[in-house]
Amino acid sequence: MNEPLTNAYYELLEEIQAVDFVLCELTLYLDTHPWDNEAVQQFNHHAHQSRQLKKQYEKQYGPLFQYGMSYSGYPWNWKEAPWPWQV
Amino acid sequence: MWYYEKKLQYPVRVRECNPRLAKFLIEQYGGADGELAAALRYLNQRYSIPDKVIGLLTDIGTEEFAHLEMIATMVYKLTKDATPEQMKEAGLGAHYVNHDNALFYENASGTPWTASYIQAKGDPIADIYEDIAAEEKARATYQWIINMSDDPELNDGLKYLREREVVHSQRFREAAEILKEERGKKVFF
Ligand SMILES: [Fe+2]
């Protein structure tokens, strides 16, 4: 991607990072508290939210994953969004 | 199998080019209590640990790779515009001669990473207590680096990483209790 990144890019990225942080915390918590039903529900709720946000991100900035976890545009657009250490 | 996700776990920002801070940060890249050691330690121990804690070791080990990428990003941003002269002034002259501005798995004093930093005793209690100790040492190291740093933007990322070590330690302590319970059951039957 050659255009300079907009505020909207950083806002969406941070929104994803925030939701994924909740998922990370819940993952480790549930690893030692597998019977906490409320936490499982929160986990599933945020997993859904994360997927929606990533769908939106990928439509605008290109794939987040490889190996078939994300779809590709044409031409192959893995390099479309900047690499994490470049932003 | 693992999937790479093209984003950082938490935003990394630095105020300015500062190879001196990068030199300290490398401790958490390729040092004894750094993120590489953490990731490899947990992902290696998980094969021989009781089933109830394999998930935790897998997930924390995976998160450590996300932290490794954050540290790499910090080092990269702090050194990418540094001249050879600035590298030398920062105590990175020997690093520059060997690696230019590339990253390398070494500690703050330039000693390359070694597998002898990590243990695998096969005894679940011994291994999980090593993991708790590793998290506490990593937390302390982050604090020492924060104490050396005057970059508030960098410190925001470092404080996040320090807090993750606190959470990891807590989860490993819970895992230790789970393992003790399991061990008790085995003896009982
Ligand atoms: Fe950790």
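# Salt bridges, a binding site and an interface

Student: Where do I start with B:Arg164 and B:Glu63?

Tutor: The side chains of B:Arg164 and B:Glu63 form a salt bridge, 2.7 Å from N to O. A salt bridge here is a side-chain nitrogen of Lys or Arg within 4 Å of a carboxyl oxygen of Asp or Glu. This is a predicted model, where local features need pLDDT of at least 70 and side-chain atom pairs count only at pLDDT 80 or more, while totals for chains, interfaces and linings use all residues. Residues are numbered from 1 along each chain as its sequence is written, chains are lettered from A and ligands numbered from 1 in the order in which they are written, and side-chain values use heavy atoms, with hydrogens and water left out.

Student: Which elements hold B:Arg164 and B:Glu63?

Tutor: B:Arg164 is in helix 8 of chain B and B:Glu63 in helix 4 of chain B, 101 residues apart, so the pair links distant parts of the chain. Helices (H or I, at least four residues) and strands (E, at least two) are DSSP runs, numbered from the N terminus.

Student: Are B:Arg164 and B:Glu63 buried or exposed?

Tutor: Both are buried. B:Arg164 has a relative accessible area of 2%, and B:Glu63 has 4%. Buried means under 20% relative accessible area, exposed over 50%, and partly exposed in between (1.4 Å probe, protein chains only).

Student: What else does B:Glu63 touch?

Tutor: Leaving aside neighbours within four places in sequence, its contacts include A:Cys24 and A:Leu28 in chain A, and B:Gln9, B:Tyr160 and B:His168 in chain B. Contact means heavy atoms within 4.5 Å. The side chains of B:Glu63 and B:His67 also make a polar contact of 3.0 Å. A polar contact is a pair of N or O atoms within 3.5 Å; within protein, one must be able to donate a hydrogen and the other to accept it, and residues adjacent in sequence count only if both atoms are side-chain atoms.

Student: What does B:Glu64 touch?

Tutor: Beyond four places in sequence, B:Glu64 is in contact with residues including B:Glu35, B:Glu135 and B:His168. B:Glu64 is in helix 4 of chain B and is buried, at 0% relative accessible area. B:His67 is in helix 4 of chain B too, is also at 0%, and touches B:Glu35, B:Arg164 and B:His168, among others.

Student: And B:Asp59, buried or partly exposed?

Tutor: B:Asp59 is partly exposed, at 24% relative accessibility. The "binding site" annotation of the unreviewed UniProt entry covers B:Asp59. Not counting residues up to four places away in sequence, B:Asp59 touches A:Thr27, A:Leu28 and A:Asp31.

Student: Switching to the interface. How much area do chain B and chain A bury?

Tutor: About 2,400 Å² between them, 61% of it on carbon and sulfur atoms. Buried area is the accessible area (1.4 Å probe) that two parts lose on being put together, summed over both. B:Tyr3, B:Lys6 and B:Lys7 supply 29% of what chain B buries against chain A, more than any other three residues. In contact terms, 30 residues of chain B meet 31 residues of chain A.

Student: How many salt bridges cross the interface of chain B and chain A?

Tutor: Four. B:Arg164 forms a salt bridge with A:Glu25, with the closest N and O atoms 3.0 Å apart. Helix 4 of chain B gives the most to the side that touches chain A, with nine residues.

Student: Which residues are linked with A:Asp20 and A:Lys54 in a network?

Tutor: B:Glu5 and B:Lys7 are linked with them in a network of salt bridges.

Key
UniProt positions renumbered as here; feature names shortened; annotations may be inferred.
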